[in-house]
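These are my notebook entries on a structure that I looked up. I record each item as I checked it.

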Amino acid sequence: MANELDETTATPREEGRDVNVIDKQIPITIGGGTKFFNIIMWFLPPIIGGIIWTIVKVNAGKYLSQLQQKIQHDASQIDNYLEQRVMILQNTAKLLDKAIDLDKETFTKIAELRAGSGTNKLNEAASAIEKVNAKINVAMENYPELKSHAEIADAMQQNSYLQREITAAREVYNDTVNQWNKAVYEWPAKQYMAAKRGYTTRIPFTTTKEIKEKARDVFF
C-alpha cells in the first residue's frame with residue numbers, strides 16, 4: 001500500500017498556510033448506544049454490573065473534577081506572572097518618565113491592568129500587556145542611551161525573564177487543556193459524565209494578533 005501522504009510525488013503548498021486556534025467550545029454529547037449501555041449494565045450480570053459501572057462513573061467524574069481544578073491552577077500561574085510583569089512595566093515606565101515625556105496613555109493602561117479592568121480573560125490580559133510593552137520598547141528605541149541606566153536595564157531584564165516564564169506557564173496550561181479535551185471524549189465513563197454535567201471542550205491559550213504579525217517581521 002502506498003503512502004497516503006507522499007512527500008516525493010505530491011504537490012506541496014508553496015504559498016504556505018497560516019494556523020489559527022478556533023475559538024469554539026464543543027459540547028460533549030452521547031448517543032443512544034451509550035444510554036443503552038448505561039442501562040444494560042444493571043442486567044449483565046444482575047445488579048453487580050450496575051454497581052461496578054456506578055463506581056467507574058464516580059471515579060470518572062472525580063477525575064474530570066480534579067482535572068478541571070488543575071486547569072484553574074495552571075491558569076492562575078499565568079495570571080501571577082502577568083501581574084508581576086505589569087508591575088515591572090509600571091516601574092520601567094516610571095523610570096523612563098524621569099528622563100523622557102512618555103506617552104501618558106501607557107500609564108493609564110497600566111493602571112487599568114493593575115486594577116483588573118478588562119483582564120478577566122487570559123488572552124485579553126496578555127494582549128493588553130504586550131501593547132504596553134510595545135510602547136515602552138518604542139520609547140527605548142528612540143532613546144537608546146537609556147538602556148545603559150542600571151535600574152532600567154535591570155527592569156528590562158526582569159521583563160524578559162517574565163516573558164519566558166509566561167511562555168512556559170502557557171505550555172503547561174495548554175498541555176492540561178489538551179488532557180481535558182481528550183478525557184471528555186474517552187468512552188464510556190468519562191464521556192458519559194462529561195455529557196451529563198454539560199461539559200465542553202476547552203480552548204487553548206493563544207497568542208495575540210499583534211504578536212503573530214510581529215513574528216513575520218524581518219529582524220536582521
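The entries below run from the whole chain to single residues.

**Basis.** I worked with a predicted model, in which local features need pLDDT of at least 70 and side-chain atom pairs count only at pLDDT 80 or more, while totals for chains, interfaces and linings use all residues. Residues are numbered from 1 along each chain as its sequence is written, and side-chain values use heavy atoms, with hydrogens and water left out.

**Whole chain.** I looked up the secondary structure and found seven helices and zero strands in the protein chain. Helices here are DSSP runs (H or I) of at least four residues and strands are runs (E) of at least two, numbered from the N terminus. I then looked up burial: of the 220 residues, 32% count as buried. Buried means under 20% relative accessible area, exposed means over 50%, and partly exposed lies in between, with a 1.4 Å probe and protein chains only. The chain exposes about 14,600 Å², of which carbon and sulfur atoms supply 54%; these areas come from the Shrake-Rupley method with a 1.4 Å probe. Among contacts with a separation of 6 or more, 77% join residues 24 or more positions apart. Contact means heavy atoms within 4.5 Å.

**Nonpolar core.** I asked which residues touch the most other members of the largest nonpolar core. They are Leu64, Leu82, Ile136, Tyr173 and Trp180, in a core of 41 residues. Such a core is a set of buried Ala, Val, Leu, Ile, Met, Phe, Trp, Tyr and Cys residues joined through side-chain atoms within 4.5 Å. The elements giving two or more residues to this core are H2, helix H4 (122–142), helix H5 (150–183) and helix H6 (189–196). H2 gives the most, with 15 residues.

**Helix H6.** I noted that H6 is mostly covered, with six of its eight residues buried. The buried residues are Ala189, Gln191, Tyr192, Met193, Ala194 and Ala195. Just after H6, Gly198 takes a positive phi of about 75 degrees.

Leaving out residues up to four places away in sequence, Trp180 touches Leu64, Leu67, Gln68, Ile71, Tyr199, Thr200, Thr201 and Arg202. The charged end of Arg202 sits over the ring of Trp180, 4.7 Å from its centre. A charge sits over a ring if NZ of Lys or CZ of Arg is within 6 Å of the ring centre and within 35 degrees of the ring normal. I also found Lys190 over the face of Tyr63, at 4.9 Å from the ring centre. Asn181 is placed in helix H5, and its side chain reaches the backbone nitrogen of Arg202 at 2.7 Å.

**Aromatic pairs.** I counted rings of Phe, Tyr and Trp (its six-membered ring) as paired if their centres lie within 6.5 Å; planes under 30 degrees apart are stacked, over 60 edge-to-face and the rest tilted. The count comes to five aromatic pairs. Phe37 and Trp187 form a tilted pair, 5.2 Å centre to centre with 55 degrees between the planes. This pair links Phe37 in helix H1 (residues 32–40) to Trp187 in the loop between H5 and H6, 150 residues apart. Ring pairs link Phe37, Trp53, Trp187 and Tyr192 into a cluster. Phe37 counts as partly exposed because its relative accessibility is 22%.

**Asn80.** I located Asn80 in helix H2 (residues 48–99). Asn80 counts as partly exposed because its relative accessibility is 36%.

Terms used
Polar contact = N/O pair within 3.5 Å; in protein donor to acceptor, adjacent residues only side chain to side chain.
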